[in-house]
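Thanks, everyone. Please take a moment with the model on the screen, and then I will talk about its salt bridges.

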Amino acid sequence: RDIGVTGVQTCALPIYSLGQSIQPTGSGKTICMIADTLRLFESNVPQTVVVVAPRIGLAIQLCSEFMEHVIDANVLHVHSGKNHYENTTNPNVIVAHSTESKKQNRHLLIFTTYNSLHKVEESGIDVDTIYFDEAHHSVKKSFFGPTKFFSQNAKRCYFFTATPKHSHTASKPGMNWSDRKSTRLNSSHANISYAVFCLKKK
């Protein structure tokens with residue numbers, strides 16, 4: 001199904017396994033995540049993809065948008081909100097869903113919040129790809145531990161935001177990265193400049 005994403009919008013994600021995408025509001029960050037997930041889910045090997053949002057309502061909304069296009073995946077919500085998919089904050093339940101998905105040879109999509117991301121970390125499951133939406137929230141002191149963990153341990157990790165939060169002191173976390181590669185997005189609506197800051201190539 002054509003979801004309206006341009007090749008330029010997703011070109012950096014298959015190249016780099018860790019980075020951040022700075023795009024203005026409404027420029028298609030969610031579509032980039034969905035398109036990348038669809039590409040991953042073409043694999044015959046079950047993939048675990050985690051989507052992190054700052055609020056429960058947004059996690060549920062992102063799930064709804066993803067599931068308009070993703071049809072072959074198990075879904076789990078890790079937060080205290082309610083929706084028609086199973087939700088939990090119990091690391092053992094997260095492990096059970098991961099194990100069952102692999103037994104079924106099915107991909108697993110996990111939608112969580114910054115507040116509950118540590119529960120995914122505590123579960124110890126392998127995460128193939130993680131997307132941080134509104135990633136300027138990730139540098140908050142109470143969220144930085146799980147964020148750092150997955151940036152180092154997930155196979156692929158991407159931060160999406162329109163308003164990056166940088167730090168000019170070593171004592172305060174910020175979205176500052178060591179290498180920079182600029183990319184220009186060309187969409188039917190506008191020409192959007194953003195940067196992908198890369199720590200490691202595949």
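This is a predicted model: local features need pLDDT of at least 70, side-chain atom pairs count only at pLDDT 80 or more; totals for chains, interfaces and linings use all residues.

Is R106 buried, partly exposed or exposed? R106 is partly exposed, because its relative accessible area is 25%, where buried means under 20%, exposed over 50% and partly exposed in between, with a 1.4 Å probe and protein chains only. Residues are numbered from 1 along each chain as its sequence is written, and side-chain values use heavy atoms, with hydrogens and water left out.

A salt bridge here is a side-chain nitrogen of Lys or Arg within 4 Å of a carboxyl oxygen of Asp or Glu, and by this rule there are 4 salt bridges. One of them pairs D36 with R156, at 2.9 Å from N to O. D36 sits in helix α3 and R156 in strand β6, 120 residues apart, with helices (H or I, at least four residues) and strands (E, at least two) taken as DSSP runs numbered from the N terminus. D36 is buried, at 2% relative accessibility, and R156 is buried too, at 4%.

Coming back to R106, this residue forms a salt bridge with D72, the closest N and O atoms being 3.0 Å apart. D72 is partly exposed, at 42%.

Finally, D128 and K155 meet at 3.1 Å, N to O, and because they lie in two loops, the pair ties together parts that are 27 residues apart in sequence. Here D128 is buried, at 10%, whereas K155 is exposed, at 57%.
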